[in-house]
Amino acid sequence: MSVTQITSSKEAIAIEDKYGAHNYHPLPVVLNRGEGVFVWDVEGKKYYDFLSAYSAVNQGHCHPKIVNAMHEQAQKLTLTSRAFHNDMLGKYEKYAAEFFNFDKILPMNTGAEAVETALKLCRRWAYQVKGIAENEAEIVVCENNFHGRTTTIISFSNDPVARENFGPYTNGFIKIEYNNIEALKQTLESNKNIAGFLVEPIQGEAGVYVPSDNYLKEAKALCVEHNVLFIADEVQTGIARTGRLLATCGDCSCVDKNCSGTPDVKADILILGKAISGGVYPVSAVLANDPIMKVITPGSHGSTFGGNPIAAAVAMAALEVVKDENLAEKANDLGNLFRAELNKFIETSSICNLVRGKGLLNAIVINDDEDSDTAWNICLRLRDNGLLAKPTHGNIIRFAPPLVMTEAQLRDCVSIIINTLKEFEK
Ligand SMILES: *Cc1c(COP(=O)(O)O)cnc(C)c1O
């Protein structure tokens, strides 16, 4: 047995197809290098990355500050487990708790794990603090949600592809329509056993659905009224992606570089992942204040790698970059420009009639049947034209470049996108 040398994209795709489980359907492009907003394939062709690994690479590919932090820590100490203390964890916990204005953080690795952690935290709080009878707690979630891939999380998904033949499913969840405040109100009023409301501030995977302006604020107020925890899954929307440090920041002045995450809608439990590491390492986190976090006691929850010294060093550097480089403000300004330019094109387009999003989390809706392959074909042409993006559900293409993009680069990308779309005009 020897390690195969990959010399062409074709070869790399064939070897994956043969030896890897087919749990993804990637765009046929094979990357081997990234820097800032760019990635290169094994043939040396350069592309703008307009997905940013589902918003994990907000700080740009291989950001030197984050990579250096990882490199330095990797040469000193990589993993102790939580059986022993290490000198990085507390430092990181203080930094992150203060950064997002919470009493405490619980460090995990992946987004799905952080969601699971939040659900456990919420259930324990329901029994020990709110006083719900044992095993009776329910958590309200939204239709078309995406919160990850564990058995419990897919139990409350309504995506048949994610769920089918993975049962039996976990109980204790009530699904309501997203962006429907009346549905939340009725559910909370009619059921005394509700412990939490888990929501994405913008539904990313579903196709970048932005709720109406007051939805989150009103939902939070209802949660307060009914003593229900407001749980924000900001794994994709957080860390400056939507033009604020957090999407739950609403329209407060968080775009300013001294933003310390004083949100408009303060989550009781905040879930972060993806870009909290700048895409360098799997890092996720759950943040909450003491009255909630205190229900977690030794042995009740954990992870061998959660909060390891490399993760701590990487996440601190990644958050510093967000602040030092004003990424929230950049995402806000570039996002406005992006939508304005696409809206001008849409006025006269027949292939695309909607762009929506916030900051640099945007999507266009392709004017064709939901199950047609037009969006996929457009993404193949975008690839040929030097820009990488991927369809989400239905005929929707998500555009989420790294936030370190310059205005000139964004304008260049807008013309690639528009010129490509023009090739598909009927
Ligand atoms: C990506 C994502 C997750 C899951 O994160 P993983 O790291 O893939 O487990 C959870 N919630 C949202 C909103 C996401 O976008």
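How far from an oxygen atom of the ligand does a backbone N or O atom of A112 lie? I started my notes there, keeping in mind that this is a predicted model.

**Ligand site**

I read off 2.8 Å for the backbone N or O atom of A112 and an oxygen atom of the ligand. I then checked G111, where a backbone N or O atom also sits 2.8 Å from an oxygen atom of the ligand. For K274 I looked at the side chain instead: one of its N or O atoms is 2.7 Å from an oxygen atom of the ligand. Next I listed what surrounds the ligand, and got T110, G111, A112, F146, H147, G148, E200, D233, V235, Q236 and K274.

**Loop between helix 7 and strand 6**

I went through the loop that joins helix 7 (160-163) to strand 6 (173-176), which is where P168 is found. The peptide bond from G167 to P168 is cis, and I noted its omega as near 0°. N165 is in that loop between helix 7 and strand 6 as well.

**Helices 3 and 11**

Then I moved on to helix pairs. Two packed helices are described by the angle between their axes and the distance between the axes, so I looked up both. Helix 3 (residues 64-74) packs against helix 11 (residues 309-324) at about 160°, and their axes are 8 Å apart. That makes helix 3 roughly antiparallel to helix 11, since the cut-off for that label is over 145 degrees. I wrote down a right-handed crossing for helix 3 and helix 11. From helix 3 the contact takes in K65, I66, A69, M70, Q73 and A74, and these meet P309, I310, A313, V314, A317, A318, E320, V321 and D324 in helix 11. Sorting the contact of helix 3 with helix 11 by class gave me eleven nonpolar, one polar and three charged residues.

**Helices 8 and 9**

For helix 8 (residues 181-190) and helix 9 (residues 215-225), I found axes that come within 10 Å and cross at roughly 5°. Helix 8 is therefore roughly parallel to helix 9. On the helix 8 side I noted I181, L184, K185 and L188, which meet Y215, E218, A219, L222 and C223 in helix 9. The class count for the contact of helix 8 with helix 9 is seven nonpolar, no polar and two charged residues.

**Helices 13 and 14**

Last, I looked at helix 13 (residues 374-384) against helix 14 (residues 407-423). The two pack at an angle of about 130°, and I have their axes 10 Å apart. That angle makes helix 13 oblique to helix 14. I logged the way helix 13 passes helix 14 as a right-handed crossing. I378, R381 and L382 in helix 13 meet I416, I417, T420, L421 and E423 in helix 14.

Technical notes
Residues numbered from 1 in each chain as written. Predicted model: local features only at pLDDT ≥ 70, side-chain atom pairs only at ≥ 80, totals over all residues. Heavy atoms only, no water. Axes fitted to C-alpha atoms, helices over the stretch in contact; angles between N-to-C directions. Helix = DSSP H or I, 4+ residues; strand = E, 2+ residues; numbered from the N terminus. Parallel < 35°, antiparallel > 145°, perpendicular 65-115°, else oblique. Left-handed = near helix turned anticlockwise from the far one by under 90°. Contact = heavy atoms within 4.5 Å. Near = heavy atom within 4 Å. Polar contact = N/O pair within 3.5 Å; in protein donor to acceptor, adjacent residues only side chain to side chain. Nonpolar A, V, L, I, M, F, W, Y, C, P; charged D, E, K, R; others polar.
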